[in-house]
Amino acid sequence: MVALAALGGAFLRSLDQSANTVRLSARALPSHFGNGATATTLAPPPDTSNGTGGDTATVPAPTTTVAAPPTGCGNANSVDGPVIDTRWGPVQVRAKIGDGNRVCSADAIQTPNDHDRSVFINQQAVPWIDDEVKTQGVNFDSIGGDTITSDAYRESVQAILDGRAK
Amino acid sequence: MTVGTVNTVVAPYRSARPVMGTIASVHVYDRDRVGEPGVVERTVDRVFAELERLEAMFSTFRADSEISRINRGELQIPASSTEVCDVLDACRWLDQASDGAFSAYRPDAPDQLDPSGFVKGWAADRVSQALRDAGLANWCLNVGGDIIVSGAPGRDQRWKIGIVDPRDAHAVRATIEVSHGAVATSGTAARGMHLWDGRTGANATAFASLTVIGPNLTWTDAFATTAFALGEGGLEWVKQFDGYQAMAITHENEVVTT
């Protein structure tokens, strides 16, 4: 495990400044599509944050840890989610969770009656898994990464997290 | 409105919906803090609806989007919506700030706009305001792996974000803990090569993925996209911006940080 706690202090301090710099920059930017007054020094980003920067002064220092690589699906546990009403109709998903929080498989085991909708849910099912998953090692609140497609989502850890409880 | 610590574990409200070619998820933990029944559900619906509206405005896959109309010469940029002008302005700033590594124009068709490397994070940041406006304090919005959080998930002080292993989408390679703030990752694993270095037009390949942590998702995501395109110098490039950190996963599956 690589702890990066040392980053924390600097990060926290810099955040206190960043809210201000982000706001200031909107004025520093050249106007829309003018003749391209090129800045000779790097300006801070323009403010398109819709006023969200105000929360940032209280940001605690993030910590980053490197997780152990997964060891596969040899001991995968099967977990059935509850039947949940979705915008597509009732859905229930059976997932297999392996070591390292690996989602080995996720299949819809109950699909809506309507044929067209059932095709859709089979392709883009949103799995709903109950709290049991938590005890089996999915210890995250959310999963970040390179944008996944809708199809890939149904077998992703994020899908399990989204469906873990309701 | 009370903001901050959560004394009891609250059953979260969770919802997910396909949008922008990916999935948007919202988890809200202060369900019981909202007096009016259904406020959380209606707010989350509004988040999804606003994402869909912005997708319709910016998608290069939709012939009737403003971006498609600009690309066909049917709409002039000054006549486009405030949202489109804001995004293109920000893209131009990023282009300058990265010496052209970030570009909102396609490498194979330099007169064709494709700001999608900026839009997803910007859109998610923008729509997250609906959650704040509703008085919600403890929530996580994840749009296709780009995340903005507020408060805490109830049982912990911080949100624990797993960063997916670029070589195995079913596994997690690193963990980032964050309270208020954003985490965004750029890479080419999940959808094939879709990021390019605007200086050369070539595919960006220096890292397997690059994650940025920062105060707001607009710039966190924009910096992740830009740093990934910059390649070797990307981590240092992010470092110049106060409040933003970067972490890359190499093709050898090593984690490198600023």
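**Ser103(B) and its surroundings**

Biologist: Does Ser103(B) count as buried or exposed, and why?
Modeller: In this predicted model, Ser103(B) counts as buried because it has 24 C-beta neighbours inside 10 Å. The cut-off for that class is 20 or more.

Biologist: Where is Ser103(B) placed?
Modeller: Ser103(B) sits in the loop between α3 and β3 (105-106) of chain B.

Biologist: Which residues is Ser103(B) in contact with, leaving aside neighbours within four places in sequence?
Modeller: Those are Asp95(B) and Gly198(B).

Biologist: And how many Å apart are Ser103(B) and Ser68(B)?
Modeller: Their C-alpha atoms are 17 Å apart in space, and the two residues are 35 apart in sequence.

Biologist: Let us turn to α3(B). What span should the helix have, and what does the model give?
Modeller: Helix α3 of chain B covers residues 82-97, and at 1.5 Å a residue its 16 residues should span 22 Å. The end C-alpha atoms are 22 Å apart, which agrees.

Biologist: Which residues in α3(B) are buried?
Modeller: Val84(B), Val87(B), Leu88(B), Ala90(B), Cys91(B), Trp93(B), Leu94(B) and Ala97(B) are buried.

Biologist: What covers the buried residues of α3(B)?
Modeller: The cover includes α1 (39-58), α2 (66-71), α4 (116-127) and α6 (217-230) of chain B. After the helix comes Asp99(B), with a positive phi near 50°.

Biologist: You mention α6(B). How many of its residues are buried?
Modeller: Of the 14 residues of α6(B), 14 are buried, so the helix is largely enclosed by the rest of the structure. From first C-alpha to last, α6(B) reaches 19 Å, close to the 20 Å expected. Just after α6(B), Gly231(B) has a positive phi of about 75°.

Biologist: Which residues touch the most other members of the largest nonpolar core?
Modeller: That core has 84 residues, and Leu51(B), Leu141(B), Val212(B), Phe223(B), Ala227(B) and Val238(B) touch the most other members. The largest share of this core, nine residues, comes from α6(B).

Biologist: Which residues is Phe223(B) in contact with, beyond four places in sequence?
Modeller: Phe223(B) is in contact with Val212(B), Gly214(B), Val238(B), Phe241(B) and Tyr244(B).

Biologist: A change of topic: what is the strand order of the open sheet?
Modeller: The eight strands run in the order β1-β2-β5-β6-β9-β10-β11-β12 (chain B), and their pairing is antiparallel. At the edges stand β1 (13-19) and β12 (255-257) of chain B, each with a single partner strand, so one side of each lacks a neighbour in the sheet. Neighbouring strands of this sheet are turned by 15° against each other on average, direction ignored.

Biologist: What packs on the sheet?
Modeller: Helix α4(B) does, touching β5 (139-143), β6 (146-150) and β9 (181-187) of chain B. Its direction makes about 20° with that of β6(B).

Biologist: How many bridges join β10 and β11 of chain B?
Modeller: There are five, in the antiparallel sense, between residues 209-214 and residues 245-249. Among the partners, Ile213(B) is bridged to Gln245(B).

Biologist: Finally, what is the mean pLDDT of chain B?
Modeller: The mean is 87, with 89% of residues at 70 or more. Over residues 1-8 of chain B, pLDDT stays under 50. The model scores ipTM 0.80 and pTM 0.71.

Conventions: Residues numbered from 1 in each chain as written. Chains lettered and ligands numbered in written order. Predicted model: local features only at pLDDT ≥ 70, side-chain atom pairs only at ≥ 80, totals over all residues. Helix = DSSP H or I, 4+ residues; strand = E, 2+ residues; numbered from the N terminus. Expected span 1.5 Å × (residues − 1). Buried ≥ 20, exposed ≤ 12 C-beta atoms within 10 Å, placed from the backbone. Contact = placed C-beta atoms within 7 Å. Pairing = 2+ DSSP bridges. Axes fitted to C-alpha atoms, helices over the stretch in contact; angles between N-to-C directions. Core = buried A, V, L, I, M, F, W, Y, C linked by C-beta atoms within 7 Å. pLDDT = per-residue confidence, 0-100.
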